[in-house]
Amino acid sequence: MAERKATAAAEKRRVAMAEGRGSANDAAPKDRRRERGEASVQRIIDATIDLIAEEGLASVTMQRIAEHVGSSNALVVFHFRSKENLFRAVLQYLSDRYDELWATLVRAPGLSPVERLMGAVECAQRFARQHPKWVSVFVVFSSDRKSMQIYNEIGLPSDLSYNAEARDLLIEIKRSGGYTEVDPDTLAESLNYLVHGAWFWDHLNPPAGQSDVLRKTMLMLLHQAFPRHFDLA
């Protein structure tokens, strides 16, 4: 009796192990297919960014994107269904990348309001320096009337949120530093204008090298408002 029980238990373990191997083997191809699909989607998004940055929106078609990627038009359509969906995916991707950088530099735990505001300055400059094509795409989406609705739905809410965060930081520095004459609303909007103005100008007239003008100009404004908290170095 004991021997039969042991044999039955061993058989159950064997079956369970076989089923486990089968499940793992079934999952592996699915994981690889998903990884290939994700890589394909990213290549299409990257190619679309390149074309928009170089040529604007008017000349971008699903066929041209497919040629740029080296794939078929059917694959692009399979992933995105339409050019509008692709444009939405591109803008969402860029918005997510900026938000990741903002979270790292501005929302990290333990930072003072001054350090957070300096992080916001660094965020605007680093993003433009490291990814000029991404900035160009932001400019194109926000200035082309046909794509402005997409920008208003995806990009604008984030921009307004960043501006509100900066305003709150300015209010806190004003309060803690006793700067009674400072207008945080105007200062926050001024910094926002500087960022978007600099990005637009660099899109029209790309700098030959890495310019520090945006950072220096933002620091000049902050130093003028809060001289005890911000240096010009």
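Trainee: Is R81 buried or exposed?
Mentor: R81 counts as exposed, because its relative accessibility is 59% and the cut-off for exposed is over 50%. Please keep in mind that this is a predicted model.

Trainee: Where is the place of R81?
Mentor: R81 sits in the loop between α3 (73–80) and α4.

Trainee: What is the phi of R81 near?
Mentor: Phi of R81 is near 70°, which is a positive value in a residue other than glycine. Most residues other than glycine have a negative phi.

Trainee: Let me step back. How many helices and strands are there in the protein?
Mentor: The protein has 9 helices and 0 strands. Along the sequence the pattern reads α-α-α-α-α-α-α-α-α.

Trainee: And what share of the 233 residues is buried?
Mentor: Buried residues account for 32% of the 233. As for contacts between residues at least 6 apart in sequence, 65% of them join residues at least 24 apart.

Trainee: Could we look at a helix in detail? How many residues does α6 have?
Mentor: Helix α6 has 12 residues. From its first C-alpha to its last it reaches 17 Å, close to the 16 Å expected at 1.5 Å a residue.

Trainee: Which residues are buried in α6?
Mentor: The buried residues in α6 are W134, V135, S136, V137, F138, V139, V140 and F141.

Trainee: At what angle do the axes of α6 and α8 cross?
Mentor: The axes of α6 (residues 132–143) and α8 (residues 184–204) cross at roughly 105° and come within 9 Å. The two helices are therefore roughly perpendicular to each other, as angles of 65 to 115 degrees count as such.

Trainee: Which residues meet there, in α6 and in α8?
Mentor: On the α6 side they are V135, S136, F138, V139 and V140, and on the α8 side W199, F200 and H203. The residues of this contact divide into 6 nonpolar, 2 polar and no charged.

Trainee: Now to α4. Is S95 buried or exposed?
Mentor: S95, which lies in helix α4, counts as buried at 6% relative accessibility. Leaving aside neighbours within four places in sequence, S95 is in contact with F138, I154, G155 and Y162. F138 is one of the α6 residues that meet α8.

Trainee: What about Y93: buried or exposed?
Mentor: Y93 is buried, with a relative accessible area of 17%, and its place is also in helix α4.

Trainee: Which residues does Y93 touch?
Mentor: Not counting residues up to four places away in sequence, Y93 touches Q42, I45, I49 and W134. Q42 and Y93 are 51 residues apart along the chain, while their C-alpha atoms are separated by 9.5 Å. W134 is among the buried residues of α6.

Trainee: A change of topic: how many salt bridges does the count come to?
Mentor: The count comes to 13 salt bridges. Side chains of opposite charge can pair when their charged atoms come close.

Trainee: Which residue does R97 form a salt bridge with?
Mentor: R97 pairs with E100, and the closest N and O atoms are 2.7 Å apart. Both R97 and E100 lie in helix α4 (residues 83–105), 3 residues apart, about one turn of the helix. An α-helix has 3.6 residues a turn, so residues three or four places apart point the same way. E100 is partly exposed, at a relative accessible area of 44%.

Trainee: What about D185 and R167: how many residues apart in sequence are they?
Mentor: The side chains of D185 and R167 meet in a salt bridge at 2.2 Å, N to O. D185 lies in helix α8 and R167 in helix α7 (residues 148–177), so the pair ties together parts that are 18 residues apart in sequence. D185 is partly exposed, with a relative accessible area of 39%, and R167 is partly exposed at 33%.

Trainee: And which residue does R64 form a salt bridge with?
Mentor: R64 forms one with E55, the closest N and O atoms being 2.5 Å apart. R64 is partly exposed at 29% relative accessible area, and E55 is partly exposed at 38%.

Trainee: Finally, which residues are linked in a network of salt bridges?
Mentor: D50, E54 and K133 are linked in such a network.

Methods
Residues are numbered from 1 along each chain as its sequence is written. This is a predicted model: local features need pLDDT of at least 70, side-chain atom pairs count only at pLDDT 80 or more; totals for chains, interfaces and linings use all residues. Side-chain values use heavy atoms; hydrogens and water are left out. Axes are lines fitted to C-alpha atoms, for helices over the stretch in contact, and angles run from 0 to 180 degrees between N-to-C directions. Helices (H or I, at least four residues) and strands (E, at least two) are DSSP runs, numbered from the N terminus. Angles under 35 degrees count as roughly parallel, over 145 as roughly antiparallel, 65 to 115 as roughly perpendicular and the rest as oblique. Contact means heavy atoms within 4.5 Å. Ala, Val, Leu, Ile, Met, Phe, Trp, Tyr, Cys and Pro count as nonpolar, Asp, Glu, Lys and Arg as charged, and the others, Gly among them, as polar. A salt bridge is a side-chain nitrogen of Lys or Arg within 4 Å of a carboxyl oxygen of Asp or Glu. Buried means under 20% relative accessible area, exposed over 50%, partly exposed in between (1.4 Å probe, protein chains only). The expected span of a helix is 1.5 Å times one less than its number of residues.
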